[in-house]
Amino acid sequence: MTAVSRTSPNPAAARTRDRAPRRGLSDRALGTLMLVPALLLLLVFGVYPFLASVLDSFFQVDFLTREHTFLGLDNYRRLWENPAVRGAFGRSVLWVAGNIVIQAVAGVAVALLLNAGLRGQNLARGLVLFPYVVPAVVAAMVFRFAFNDTSGMAGYLLRTLGLSDTLVNPFADPATVMLALVAVNCWKYVPFIVIVVLARLQTLPGELREAAALDGAGRFGVFRYVTLPWIAPALIVAMLMRTIWTAYDFDLPYLLSGGGPMDTSTTVPLEIKKLAFADQDLGLASALAVCVAILLVAGARLYLRAYRASEDATG
């Protein structure tokens, strides 16, 4: 019988196969390629408008011809001297502060209730999240109809209960319009804080609460020393996002009050719209937008510093 010899592999052929180019894209190249559409959208709808606003803020821009006349920092000086702009800025500060404080406190309280294991909490979670999925236009139309001066359901109920002799429209009263706007905005966006905080609460180890209880901490002590530090990072991020979104919130204030009555609810976004389209002063409107962006960047740095401190505290 003839022995069959087994041939050894050829090392040169193996090295040639290893050096052969692979077909298709590498993971890094594929990941970069998939980011291109998002980057293009960011450049077109984010970076370019901001850079254009920065440029326009140094010019007097003709509304129709787009002809630029250089003014330097004159637009920023005019902002400081404009009482309407100063008033809108002050109202925006109150608008943002009121919304963030109420939404943070109410969001944490509701999230704690929904995480307490009460009967029917699954149904309650769905009902709490409902306002957040309602479009802002729909919410504004519902509240405007409910508080209509002549046929509003809310005014009718107040008269029926004997709480008021006249139909009530808080969006038409200078003394109550800002409070009403804050209330509607909180009704719609408190669920966002609830979603974030509730998701963080789901990851809280039960051993931490049990250890605090064994050390003699009551419910308030467990919340202060265990629960609050645990949810703080997520809460700070949610507050940062809501601060930015609320500062630029245009739809609800515009649809509910239009900036009135007598400009008592005109915030910075509504003032920018007025300067750009009613007064046709694009340079001044751009300068105001740039100032708000700078202030928000400064505020974001404070939020991020607090976030890092909270992350270090939780380990």
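User: Which residues of helix α12 are buried?

Analyst: The model is a predicted one. Helix α12 spans residues 268–278. A residue counts as buried when its relative accessible area is under 20%. In α12 that description applies to Val268, Pro269, Leu270, Glu271, Ile272, Leu275 and Ala276.

User: Against which helices do the buried residues of α12 pack?

Analyst: Packing is judged here by contact, that is, heavy atoms within 4.5 Å. By that criterion, the partners of the buried α12 residues are α4 (83–114), α10 (219–247), α11 (251–256) and α13 (282–314).

User: How many helices and how many strands does the protein have, and what share of its residues is buried?

Analyst: The secondary structure of the protein consists of 13 helices and two strands. Burial is counted over 315 residues. The buried share is 34%.

User: Which helix gives the most to the lining of the largest pocket?

Analyst: The largest pocket holds about 420 Å³ of space. Its lining comprises 19 residues, and the closest to its centre are Val96, Thr243, Ala247, Leu295 and Leu296. At least two lining residues come from each of α4, α10 and α13. With seven residues, the helix that gives the most is α4.

User: How many nonpolar, polar and charged residues are in the lining of the largest pocket?

Analyst: For this count, Gly is placed with the polar residues, while Asp, Glu, Lys and Arg are the charged ones. On that basis, the lining has no charged residues, three polar residues and, as nonpolar residues, 16.

User: Is Asn75 buried or exposed?

Analyst: Asn75 is part of helix α3, residues 74–81. Beyond four places away in sequence, Asn75 touches Asp56, Ser57, Phe58, Phe59, Gly283, Leu284 and Ala287. Because its relative accessibility is 0%, Asn75 counts as buried.

User: Which backbone oxygens does the side chain of Asn75 reach?

Analyst: A polar atom of the Asn75 side chain lies 2.9 Å from the backbone oxygen of Ser57. A further backbone oxygen, that of Phe59, is reached at 3.0 Å. The limit for a polar contact is 3.5 Å. The oxygens reached are therefore, under that limit, those of Ser57 and Phe59.

User: Which residues does a cis peptide bond join?

Analyst: Most peptide bonds are trans. Here, an omega of about -5 degrees belongs to a cis bond. Pro261 is found in the loop between α11 and α12, and the cis bond joins Gly260 and Pro261.

User: What is the phi of Asp263, and where is Asp263 found?

Analyst: Asp263 is partly exposed, with a relative accessible area of 38%. Its phi is near 60 degrees, a positive value in a residue other than glycine. Asp263 is found in the loop between α11 and α12.

User: Which residues does Phe250 contact beyond its neighbours within four places in sequence?

Analyst: Phe250 lies in the loop between α10 and α11 and counts as partly exposed at 29% relative accessibility. Between Phe250 and Pro269 there are 5.8 Å from C-alpha to C-alpha, although they are 19 residues apart in sequence. The contacts of Phe250 are with Pro269, Leu270 and Lys273.

User: How far apart in space are Leu228 and Leu201?

Analyst: Leu228 has its place in helix α10 and, at 33% relative accessibility, counts as partly exposed. Leu228 and Leu201 are 27 residues apart in sequence. In space, from C-alpha to C-alpha, the two are apart by 9.7 Å.

Definitions and conventions: Residues numbered from 1 in each chain as written. Predicted model: local features only at pLDDT ≥ 70, side-chain atom pairs only at ≥ 80, totals over all residues. Heavy atoms only, no water. Helix = DSSP H or I, 4+ residues; strand = E, 2+ residues; numbered from the N terminus. Buried < 20%, exposed > 50% of the residue type's maximum accessible area, 1.4 Å probe, protein only. 1 Å grid on protein atoms, 1.4 Å probe; cavity = no way out; pocket = protein on both sides within 12 Å on 5 of 7 lines; lining within 4 Å. Points joined across faces, edges and corners; volume = space filled by probe spheres on them. Polar contact = N/O pair within 3.5 Å; in protein donor to acceptor, adjacent residues only side chain to side chain.
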